[in-house]
Amino acid sequence: MNEILFSGIKVNELLERISHLLDSKLGTPKKETPKSGYLSRKEVAHLLKITLPTLHDWTKLGWLKAYKIGTRVLYKPDEVQLSVETLSSLKHKKGGFRHA
C-alpha cells in the first residue's frame, strides 16, 4: 500500500493550504457570501428572472416587501421565497391576476 506521511500537519489543513495556494496562483475567484441577510434589487431580479422595472412594479403592487436602508432598496430572502410561492398560485385571467 502506498502511503504518504506528513508530520506536524493534518490532512484537512494540508488540503486547505493547497486550495488556498491554487486559488492565489490561478486567480480563481471565491464565491462571495452575502454580508447581510438581505438581497439587492439586482439579486432579486436575477433570482426571479424578471427586469428591474418589473421588480419595481411588483413591489409597488405589494407582491414583494422591500426595505429601504439608507439609499438602498433591499429584500429579505425568505420573504422573496414566500412571495414566489404566492405568485405561483395566482392565475392570469381576463382583467388581471386573481387568487385561484
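Author: The dialogue below goes from the overall fold to single residues. This is a predicted model, in which local features need pLDDT of at least 70 and side-chain atom pairs count only at pLDDT 80 or more, while totals for chains, interfaces and linings use all residues. Residues are numbered from 1 along each chain as its sequence is written, and side-chain values use heavy atoms, with hydrogens and water left out.

Reader: How many helices and strands are there in the chain?

Author: Helices (H or I, at least four residues) and strands (E, at least two) are DSSP runs, numbered from the N terminus. The chain has 4 helices and 5 strands, and from the N terminus on their order is α-β-α-α-β-β-α-β-β.

Reader: What percentage of the residues of the chain count as buried?

Author: Buried means under 20% relative accessible area, exposed over 50%, and partly exposed in between (1.4 Å probe, protein chains only). Of the 100 residues here, 16% count as buried.

Reader: Which residue has a positive phi although it is not a glycine?

Author: Most residues other than glycine have a negative phi. The case here is K49, with a positive phi of about 60 degrees. K49 belongs to the loop between helix 2 (41-48) and helix 3 (52-61), and its relative accessibility of 75% is why it counts as exposed.

Reader: At what angle do helix 2 and helix 3 pack?

Author: Axes are lines fitted to C-alpha atoms, for helices over the stretch in contact, and angles run from 0 to 180 degrees between N-to-C directions. Angles under 35 degrees count as roughly parallel, over 145 as roughly antiparallel, 65 to 115 as roughly perpendicular and the rest as oblique. Helix 2 and helix 3 pack at about 95 degrees, with their axes 9 Å apart; they are therefore roughly perpendicular to each other. R41, K42, V44, A45 and L48 of helix 2 make the contact with L52, L55, H56 and W58 of helix 3, where contact means heavy atoms within 4.5 Å.

Reader: Is A45 buried or exposed?

Author: A45, which is found in helix 2, counts as buried because its relative accessibility is 5%. Not counting residues up to four places away in sequence, A45 touches I50, T51, L52 and L55. The C-alpha atoms of A45 and H56 are separated by 9.5 Å, the two residues being 11 apart along the chain.

Reader: In what order do the strands of the open sheet lie?

Author: Two strands pair if DSSP finds at least two bridges between them. Here 3 strands form an open sheet in the order 1-3-2, with antiparallel pairing. Strand 1 (39-40) and strand 2 (67-69) are the edge strands, each pairing on one side only. Strand 2 is joined to strand 3 (residues 72-75) by 3 bridges, and I69 has R72 of strand 3 as its bridge partner. In the hairpin of these two strands, which has 2 residues between them, G70 takes a positive phi near 70 degrees. Strand 1 is joined to strand 3 by 2 bridges; the partner of L39 is Y75.

Reader: Which residues does S40 contact, leaving aside its neighbours within four places in sequence?

Author: S40 of strand 1 is in contact with R72, V73, L74 and Y75 on that basis. At 17% relative accessibility, S40 counts as buried.
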